[in-house]
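Thanks for making the time this morning. I would like to go through one model with you, beginning with the confidence scores and then moving to the chains and to where they touch.

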Amino acid sequence: MRALALVVACAALLAGPAWSAGPPNAADLEAELVCPVCETTLDQSNAPVAQRMKLFIRERIAAGDTEQQIKDALVAQFGPGVLATPRKSGFGLLAWALPLAALAAGAAIVAVLVRSWSRRRTPSPETPLDPELERRVDEELARYEG
Amino acid sequence: MSRRARLVAQGVAIGLVTLLFVLLVWALATDEGGDLAGAAARGERPDAPDFTLERLDEPGELSLSSLRGKAVVVNVWASWCGPCKEEAPFLEQVWRENRPRGLVVVGLDAKDFRRDARSFMRRYELTFPVVYDGPGDTLSGWGVTGFPETFVLDRQGRVIESFAGAVNSEEDRARLRAAVDSALGL
C-alpha cells in the first residue's frame, strides 16, 4: 500500500508541470500580441486583421500548439512587431537590458555623488590656535567676564 | 568631486548629447516615408521606392527594380480588406489586356496571412505577380496609409498616378487606364 502511494505521488510530481502548464489561454495571448494595422493589442482591436488573428489563435490552441508556437507562427507572418513585449533573446534582449543598465549606471552615479558630498562635510581636524591669538582671546574673555 | 572627475562627467554628458543628436539626424536623413501620391498629383513623377520581397504566386523573390523598362501597376492589398475584393477582377483584366504591351501588375499583399492571401488569389483568379510583406515594412516608403492603394509607374520607375482606396468607379477606372496608356508611352 505504501509502495502504491509512493508511485502515485511520484507520478503526480512528474505530471504536475504538464497539468499546471495547461493549454494556452486565448485572452492572455490576445493581450500579448499587437494588431499590425491599428497597433493596439488584439484584445483592444476589432480591425478585420485582428479578428482574423484571434481566429488563428483559437485554431492553433485547438490544434494543441503551445503559447510559444503560436507566437512564433504569428511572428513568421507579421514580423517581431506583432509581439507586445520584445523577445528576451537576440536584439530584443536590448530592450530589457538597457533600462536595467541605465538604472545601474544611475545608482553608481548617485553613489559617487553621495560619497563625494559626505567627504566634503566631514569636519576638518582641530588645528591649534596661534599662541598669541589664544592669549588675546583669553584676555578678552577675562575682561568681558570681569 | 574632483576637478578631473567633473571634467570626465561633463565629457560623458556632452558625448551622450552629441550621440543623440547624430542619431536624430541619421533617422531624419534615412526616413523613407514619403508622399508619393501628393507628389504624383503635382506632376512631379517621384521615383518609386524599390523593394525586394517574397513572391506568393511562385517561389522566389521579386525586385521592383528588375521591372525597369516596363510600365508597372503596384496594387497594395490584403485578403481581409473588403474594397480589395471589389477591385481585384478589374486589375486582373487590366493586366491581361496590357501585358503584351509591356505592363506588369504587381500585387503587394501586406499585413496578412500568406495562406489567406493565396486563397484570395485563387478565388479571384489573379495571375499577375504578387509579393508578400507581412510586417508591412515597405508601406511607409510608399506613403500608404490604408488598403487598397494603387500606383502607376512609367518605364523609368517613376510614379505618375496613384489611387487611395479601391479603383471601382467608372471615373477611377478610366483614369487608371489613361495612366497605364501614358506609362506605356501610348
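What follows is a short walk through the scores, the fold of chain B, its strand pairing, and then chain A.

Please keep in mind throughout that this is a predicted model. As a whole it scores ipTM 0.77 and pTM 0.70, while chain B taken by itself has a mean pLDDT of 92, with 95% of its residues reaching 70 or more.

Let me turn to chain B, which has six helices and seven strands, and which, read along the sequence, follows the pattern α-α-β-β-β-α-β-α-β-α-β-β-α. Its radius of gyration is 21 Å, well over the 16 Å that the globule rule gives for 186 residues, so chain B is more spread out than a compact globule. The C-alpha trace of chain B spans about 80 × 40 × 30 Å along its principal axes. Of the 186 residues in chain B, 36% are buried, and if we take the contacts in this chain with a separation of 6 or more, residues 24 or more positions apart account for 70% of them.

E1(B) pairs with strand E2 of chain B, residues 61–63, in the antiparallel sense over three bridges, and B:Glu54 stands opposite B:Glu61 in E2(B). These two strands form a hairpin with five residues between them, and in the turn B:Gly60 has a positive phi of about 105 degrees. E1(B) also pairs with strand E5 of chain B, residues 130–133, again antiparallel, over two bridges, and there the bridge partner of B:Arg55 is B:Val131 in E5(B).

Which elements of chain A give two or more residues to the side that touches chain B? The contact itself takes ten residues from chain A and ten residues from chain B, and on the chain A side the elements in question are helix H3 (48–62) and helix H4 (67–78). The largest share of that side, three residues, comes from H3(A). By class, the side of chain A that touches chain B has five nonpolar, four polar and one charged residues.

Finally, the domain assignment of chain A gives domain 1 (19–85) and domain 2 (87–116), and the centres of these two domains, taken over C-alpha atoms, are separated by 31 Å.

Definitions and conventions: Residues are numbered from 1 along each chain as its sequence is written. Chains are lettered from A and ligands numbered from 1 in the order in which they are written. This is a predicted model: local features need pLDDT of at least 70, side-chain atom pairs count only at pLDDT 80 or more; totals for chains, interfaces and linings use all residues. Two residues are in contact if their C-beta atoms, placed from the backbone, lie within 7 Å. Helices (H or I, at least four residues) and strands (E, at least two) are DSSP runs, numbered from the N terminus. Ala, Val, Leu, Ile, Met, Phe, Trp, Tyr, Cys and Pro count as nonpolar, Asp, Glu, Lys and Arg as charged, and the others, Gly among them, as polar. Domain bounds come from an automatic or database domain assignment. pLDDT is the predictor's confidence in each residue, from 0 to 100. Two strands pair if DSSP finds at least two bridges between them. The radius of gyration is taken over C-alpha atoms; the globule rule is 2.2 Å times the number of residues to the power 0.38. A residue is buried if 20 or more other C-beta atoms lie within 10 Å of its own, exposed if 12 or fewer, and partly exposed in between; C-beta atoms are placed from the backbone.
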